[in-house]
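Please read the following report alongside the sequence and the model. It takes up strand pairing, a loop residue and aromatic rings in turn.

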Amino acid sequence: VDLESTLGKLKSGNAAMIHPDGQLYYTAYYTQDIYRYDFATKETTIASKHVKTKENLRLVLHPSGKYAYMMRLYYSGNNSGYIARLDYDDEAKTFGTPYIVAGSDGSAGYADGVGSTVRMRGPGQGVFVKNPDYAGEEDEYDFYFTDDYNNCVRVLTPTGRVYTFAGRGNDIADGGYAHCVRRLGLIVHGQSLMMRRENVSM
């Protein structure tokens with residue numbers, strides 16, 4: 001792959017993922033265009049566009065390839081913290097326009113809940129974890145993610161509910177809670193969820 005020409009249209013890219021159908025997707029910071037590179041045809045096109053601009057993003061593909069989550073990184077006091085979803089069109093072989101499934105692009109904070117009632121500050125790293133309780137359902141995976149500026153690990157269920165798995169919000173002073181400090185990476189190994197420490201105290 002000639003990445004120089006493939007990424008030639010890109011200025012300040014900040015998120016990327018590869019779909020098993022053979023496409024590379026990546027975003028551009030300034031325009032928030034979502035580019036699609038086809039490994040078979042070697043063509044680069046704009047697959048979609050995020051409604052926001054100048055945001056640092058991360059893309060995480062669902063194991064089925066049916067959708068991906070887009071996380072808005074870095075709180076930076078700008079009252080924005082959310083996870084958006086991009087659905088994959090099997091016929092068109094591309095992703096659609098992102099839409100927010102948890103949190104808000106106009107408000108940040110710390111609150112568990114469903115959909116737009118959720119508040120977060122900088123969802124950073126994330127990983128899909130198969131939940132045996134969902135066996136036989138359309139989606140059998142929970143999404144574990146770090147809420148960096150709230151110092152915790154949280155879970156987004158397939159139904160859109162968010163709850164705190166480990167750590168604490170900044171407004172909780174109880175020393176009995178685990179305290180997760182940025183940056184924290186999540187890794188799945190077999191049936192275990194591991195946390196990679198990087199400036200982290202537990």
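## Strand pairing

Tyrosine 144 has valine 155, in strand 13, as its bridge partner, and this is a feature of a predicted model. Strand 13 covers residues 152-156 and pairs with strand 12 in the antiparallel sense, over five bridges.

These two strands belong to an open sheet of five strands, which run in the order 10-14-13-12-11 with antiparallel pairing. Strand 10 (113-114) and strand 11 stand at the edges of the sheet, where each has a single partner strand, so one side of each is left without a neighbour in the sheet.

## The loop between strands 11 and 12

Asparagine 131 is found in the loop that lies between strand 11 and strand 12. Is this asparagine 131 buried or exposed? Its relative accessible area is 15%, and because the cut-off for a buried residue is under 20%, asparagine 131 counts as buried.

The side chain of asparagine 131 makes a polar contact, at 2.8 Å, with the side chain of aspartate 142. When its neighbours within four places in sequence are left aside, asparagine 131 is in contact with Glu140, Tyr141 and Asp142.

## Aromatic pairs

The structure holds 11 aromatic pairs. In one of them, formed by tyrosine 25 and phenylalanine 95, the ring centres are 4.9 Å apart and the planes stand at 85°, so the pair is edge-to-face. Because tyrosine 25 lies in strand 2 (residues 23-28) and phenylalanine 95 in strand 8 (residues 94-95), the pair ties together parts that are 70 residues apart in sequence. Both tyrosine 25 and phenylalanine 95 are buried.

A further aromatic pair, between phenylalanine 128 and phenylalanine 143, is tilted, with 4.8 Å from centre to centre and 50° between the planes. This pair links distant parts of the chain, since phenylalanine 128 is in strand 11 (residues 123-130) and phenylalanine 143 is in strand 12 (residues 141-147), 15 residues apart. Phenylalanine 128 is buried, as is phenylalanine 143.

## A cluster and a charge over a ring

Phenylalanine 128 and phenylalanine 143 also take part in one aromatic cluster, which is formed by Tyr67, Tyr69, Phe128, Phe143 and Phe145. Which residue lies over the face of tyrosine 67? That residue is arginine 85, at 3.8 Å from the ring centre of tyrosine 67.

Conventions. Residues numbered from 1 in each chain as written. Predicted model: local features only at pLDDT ≥ 70, side-chain atom pairs only at ≥ 80, totals over all residues. Heavy atoms only, no water. Phe/Tyr/Trp six-rings, centres within 6.5 Å; stacked < 30°, edge-to-face > 60°. Helix = DSSP H or I, 4+ residues; strand = E, 2+ residues; numbered from the N terminus. Buried < 20%, exposed > 50% of the residue type's maximum accessible area, 1.4 Å probe, protein only. Lys NZ or Arg CZ within 6 Å of the ring centre and 35° of its normal. Pairing = 2+ DSSP bridges. Polar contact = N/O pair within 3.5 Å; in protein donor to acceptor, adjacent residues only side chain to side chain. Contact = heavy atoms within 4.5 Å.
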